[in-house]
Amino acid sequence: MTLQEYDYARESPSKLAASCLLLALTMKNLGGWTPTLEYYSGYCSQDLHPLVKRLNFLLTYQPRDKLKAVRTKYSHRVFFEVAKIPPMDMLKLEEKLKSC
């Protein structure tokens, strides 16, 4: 989805990927940012928090009529219907990120 948004073009791909992973881990209650993830990604959890919040906010947008192919694709069961997972409440996300 970030490929459709110009604001994310300035982010490094590795930081964007790490932030997406942290958001996914948080959304699915699969734990936080571990020392192993920090070591191999090169990012500490606090470095990723602002981008994770922006990514969660991006998920709250309704798809535009012309740009709904990504949501449609990832709403299919082949991709585990990840596009149907509701975004996190920003306050709950903030609390969980503080505990990481």
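This is a predicted model: local features need pLDDT of at least 70, side-chain atom pairs count only at pLDDT 80 or more; totals for chains, interfaces and linings use all residues.
Two packed helices are described by the angle between their axes and the distance between the axes. Helix α1 covers residues 13–27 and helix α3 covers residues 45–60; the two pack at an angle of about 70°, and their axes are 8 Å apart. Angles of 65 to 115 degrees count as roughly perpendicular, so α1 is roughly perpendicular to α3. On the α1 side, the residues that meet α3 are K15, L16, A18, S19, C20, L22, L23 and M27. Facing them from α3 are S45, D47, L48, H49, L51, V52, L55, N56 and L59. Sorted by class, this contact holds 11 nonpolar residues, along with four polar and two charged ones.

Helix α1 also packs against helix α5, which spans residues 90–99. Here the angle is about 105° and the axes lie 11 Å apart, which makes α1 roughly perpendicular to α5 as well. L22, L23 and T26 of α1 make this contact with L93, K96 and L97 of α5. Four of the residues involved are nonpolar, one is polar and one is charged. L22 and L23 turn up in the contact with α3 and again in the contact with α5.

Next comes the empty space. Rolling a probe the size of a water molecule over the atoms shows where empty space is left. The largest pocket holds about 670 Å³ of space. It is lined by 24 residues, and those closest to its centre are M1, C20, L23, L59 and V82. Two or more lining residues come from each of α1, α3 and α4 (69–73). Helix α1 gives the largest share, with eight residues. As for class, the lining has 20 nonpolar residues, one polar and three charged.

Finally, there are the charged pairs. Side chains of opposite charge can pair when their charged atoms come close. The model has three salt bridges. One of them joins the side chains of R54 and E11, at 2.9 Å from N to O. R54 belongs to helix α3 and E11 to the segment before α1, so this pair ties together parts that are 43 residues apart in sequence.

Note on methods
Residues are numbered from 1 along each chain as its sequence is written. Side-chain values use heavy atoms; hydrogens and water are left out. Axes are lines fitted to C-alpha atoms, for helices over the stretch in contact, and angles run from 0 to 180 degrees between N-to-C directions. Helices (H or I, at least four residues) and strands (E, at least two) are DSSP runs, numbered from the N terminus. Angles under 35 degrees count as roughly parallel, over 145 as roughly antiparallel, 65 to 115 as roughly perpendicular and the rest as oblique. Contact means heavy atoms within 4.5 Å. Ala, Val, Leu, Ile, Met, Phe, Trp, Tyr, Cys and Pro count as nonpolar, Asp, Glu, Lys and Arg as charged, and the others, Gly among them, as polar. On a 1 Å grid over the protein atoms alone, a cavity is a set of points where a 1.4 Å probe fits but cannot get out, and a pocket is an open set with protein on both sides within 12 Å along at least five of seven lines; lining residues have an atom within 4 Å of a point. Grid points are joined across faces, edges and corners, and a volume is the space filled by probe spheres set on the points. A salt bridge is a side-chain nitrogen of Lys or Arg within 4 Å of a carboxyl oxygen of Asp or Glu.
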